[in-house]
Every structure is written in C-alpha cells, then in structure tokens.
Amino acid sequence: MEPIKYAVVGTGRGRTFMHPDPSFNMKFVAVCDRNPKKLAIIKSENDNEDKTLETYTDYDEMLEKADIDAVILANYFHEHAEFAIKALRKGKHVLSECVAMGTLAEGVELCRAVEESGKIYMIAENYPFSKQRMEMRRLYQSGELGELLYGEGEYCHPMHEPYGIAPGEYHWRNQIPSTYYCTHAIAPIMMITDTIPTKVNGFVPKIEDQSYRGNEVRLQDPGGIIVCQMDNGAVVRTLQGAFRTHSMITRLQCTKGAVEQDRGDDRITVWHESRDRGDQPKFRSYMPEWPAEFASQAAAAGHGGGDFWVMYYFAEALKKNEQPYLNVYRACAMSAVGILAWKSACNGGACYDVPKFDDEEDRRRYENDYWTPFRKEGEDDTGMPPRTLSPWCPPEGALDKAREAWERNDYLGLGWNKEKMDEAYAKLQI
Ligand SMILES: NC(=O)c1ccc[n+]([C@@H]2O[C@H](COP(=O)([O-])OP(=O)(O)OC[C@H]3O[C@@H](n4cnc5c(N)ncnc54)[C@H](O)[C@@H]3O)[C@@H](O)[C@H]2O)c1
C-alpha cells in the first residue's frame, strides 16, 4: 500500500505529529503555519528523507496545491471545525486536535461534512490512551465492574508561564472560559464505559483571590465544574481549567465495584464489596502494563503514551477505511459539553441537552446556534457572552505590559522561544 501522505497545520502542538511510527504507513509531506520562520525551522529539522517537505503559510493554498490524503489540525483551539470542513470538502481525511468545534452549529456542519465526504474523521483526544485508562476500559469491558453509576474525570492544568504560551489579547489561551477544555476529563470516561453525555450543568468558583492567574490579562475563572448525565443514566462530574494544582485522574463507581487512578503514584485501585468480589481481594492496586507489541513506542510518547495511540488509531482507521472509535459524533458530543457547561454557568447552572449529533432531525435544532464567548480582534462584542464570571478585570497597565511581552515573544505560542527561533533562522540563511 502507498503511504498516506499528510500535512500538519500549526507548529506548536502540531510538532507532536511529525514523526509517524513506521508501522503507521504514513508520510509527513507538508506543513502549514502563519509564521514563515517557524516553517523554515520545521523544514530544516523534520524534512523527510527525499527532502520534499512542503511549507505553506496559507491553509487554503495548501489544500489546493499539496499532494496530501489527510490533514492533522493543531491550529487554534476553537477554530478546528472550519479547517476540518474545508479539508473534508476537498476529499481529505482529518485528525483534529481538541476540541472539535467552537459552536454547536459548527458541530452540526462538521458531522454533515464527514457524512457527505465519506472521509475518516477522528478527534486527537489522547487522554483515554494512558496505561491507566486503557486498563480501566479493559476491566470495564470485561464486566467485572458492572455498569457505570457515577464517574469523575479531572484535567486541571495551572499555567504558570505568563505570556509566551498565550501570545496576544485574543489568543485562545487568554480568553478560553474554564469549562471549555473539558475533553481530557470526559473523553476517558466516555471511552472506558461506552457512554455519551446527554445533559450538562456547569459551575465556576467566583472568588476574589486571583493568585491562580498565569498572567494578568488572562480572562478565565480558576476552573470549571461540570455535571453530566450520560446516555445510560449515570452521572459524571468533571473538573477542568487552571485550578491551582495539576490533577488528571479518572474514577468510576459502578454497579459491581469501583476503580480509580491514584493521585500520588499513578497506579490504579480496583475494589469490590464482599457480595460482589468472589475470590478477589477487597482492594487491589497495581501499575498496568502497555500492550507488549507497542510498549516501547507508547512508553516513549508524550502525554502518558496517549500521543502514540492517537496516531496509531488514526492510522488504523485509514488502513481499514472505517471511522475510528473517537469519531465525529463522539468528538462533537465531548466538545459540546464545554460549550453548554459555559452557557449553563452563565445562566445560574441551568441544565442543557447535548445535541444528538448522529441524528439529523435533532441536529437541525442547532444548525444556527453560533453562541460563543470567543472574540475576534476588532469585532464588536456587544451582547456576547462573558469569558469569566469572577469579579475581576485586568489591573491598570496590565495590557500594556502584556503587549510589550508579546512584542518580544513575537506571537509565537507553545514551544517557541523568540531568541532561539531567530538564532536557528539566522543559521538557515547563511
Ligand atoms: N491533546 C493534547 O494533549 C494537546 C496539548 C497541547 C495542545 N493541544 C491542542 O492543540 C491545539 C494547538 O495548541 P497549541 O498550544 O499548539 O496552540 P498555539 O496557539 O501555541 O499554536 C497554534 C499554531 O497554529 C498556527 N495557526 C493558527 N491559525 C493558523 C492559520 N489560520 N493558518 C496557519 N497557521 C495557523 C499558529 O501560528 C501557531 O503556530 C489546540 O487546539 C490545543 O487545544 C492539545
């Protein structure tokens, strides 16, 4: 089989996807980013063996000209759907970073575009693929735990790096409401238990102490708390956002037992009460192993191995020409949770239905729902939803200070340092 030729869009997180394992039968042939210096450096560091890696500053031009079968999207957080839809309409497969879309209407359009194109779509949600979550899925699917009653998922990630990673007043990291980055918390539970969220409530702490803020202009509450009803009737609570301490655990209470990931040492603990445990001990704690065949690749990959498995399952879907588990419907449902939880938090914790993204009749109700708190530079934002509910606004002079820092950082974002970039670029010009 000819290798699948693919392009990466965005060179922050996007760099994770530039070295496919040989078993994937995928070839990295093009890269797109607005910043030409980044592109030159990426080409010098990641070119393929025949030195034919193409670089584009314009996404539409790349879709027009590059000889590619697939795109991997790692552009701005809330702008993936537009890029994915364009690619699908040009007959390209899509692996999209989280989240799938910024509005419910875009989710509807994305599902239709996947169906109309017949192309593979997968969300690059890597948190279900840690050792612990893969073992939890194995356990749950074996029937040992029974059925999900209640789950907890957490993805709390304080950001202490003040300006470089969030370059610009309108950069997505400076205006993302604290419920939006929810897929790392909810996707593992969806995948372990084969459930989908159907109803959502959201809340945020509204406090005076603002010391959690990564920078003085970030418009974000300390964290988001989401409660979902799942399609089997179970209830799931997720935590996400900046909070003050990192935490990335999953915990399930089921009809025949419980399992949770330990906070301290990453082992998992499984337990059953006497009437459910047969010969099992009440508690067993252990560190799961990777599947032997890909143990070394997974152990070497980022995000607890998840970065390997995301590409692995995308490649498998392409080889089989079958939609992956993390298909467009699950992608849109998990992304809708963050949007609806924010709407809920803005409306006193009201409960909202998650659209049934695989049902055209239900989808029609949301096809014009462009509700979003994300602003664009220069746009009149009268009447738009807030981005934070805390009693806070940037202190005087904070924006000027931030702008100075952004000038120095040259709007670079994740993983880039201006001095090092300029140095590397200067060497390329000699
Ligand atoms: N799954 C994970 O573990 C994980 C980790 C980090 C980031 N992410 C996701 O990856 C995405 C990117 O994150 P990041 O931290 O790299 O963001 P970033 O803002 O640092 O980088 C985005 C890159 O996309 C480029 N870009 C944006 N719009 C473009 C356009 N129209 N044309 C060409 N290039 C464009 C920017 O120049 C920048 O280089 C986000 O959705 C984020 O949620 C996921």
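Modeller: Take helix α4, whose buried residues are covered by elements that include α3 (80-89), β6 (121-123), α11 and α12 (360-364). Helices (H or I, at least four residues) and strands (E, at least two) are DSSP runs, numbered from the N terminus. This is a predicted model, in which local features need pLDDT of at least 70 and side-chain atom pairs count only at pLDDT 80 or more, while totals for chains, interfaces and linings use all residues. Residues are numbered from 1 along each chain as its sequence is written.

Helix α4 covers residues 104-117, and its end C-alpha atoms are 20 Å apart. This agrees with the 20 Å that its 14 residues should span at 1.5 Å a residue, because the expected span is 1.5 Å times one less than the number of residues. After α4 comes Gly-118, with a positive phi near 70°.

The buried residues of α4 are Leu-104, Glu-106, Gly-107, Val-108, Leu-110, Cys-111, Ala-113 and Val-114. A residue is buried if 20 or more other C-beta atoms lie within 10 Å of its own, exposed if 12 or fewer, and partly exposed in between, with C-beta atoms placed from the backbone.

Next, the domains. The assignment for the protein chain gives domain 1 (4-123) and domain 2 (128-310 + 327-364); such bounds come from an automatic or database domain assignment. Their C-alpha centres lie 25 Å apart, and 19 residues of domain 1 are in contact with 18 residues of domain 2. Contact means that the C-beta atoms of two residues, placed from the backbone, lie within 7 Å. On the domain 1 side, the elements that give two or more residues are α4 and β6. Helix α4 provides the largest share of that side, six residues. The residues of that side divide into 14 nonpolar, four polar and one charged. Here Ala, Val, Leu, Ile, Met, Phe, Trp, Tyr, Cys and Pro count as nonpolar, Asp, Glu, Lys and Arg as charged, and the others, Gly among them, as polar.

The largest nonpolar core has 111 residues, and Ala-7, Cys-332 and Val-337 have the most contacts inside it. Such a core is a set of buried Ala, Val, Leu, Ile, Met, Phe, Trp, Tyr and Cys residues joined through C-beta atoms within 7 Å. Helix α11 (residues 328-346) gives the most to this core, 13 residues. Domain 1 and domain 2 each supply at least three residues to this core.
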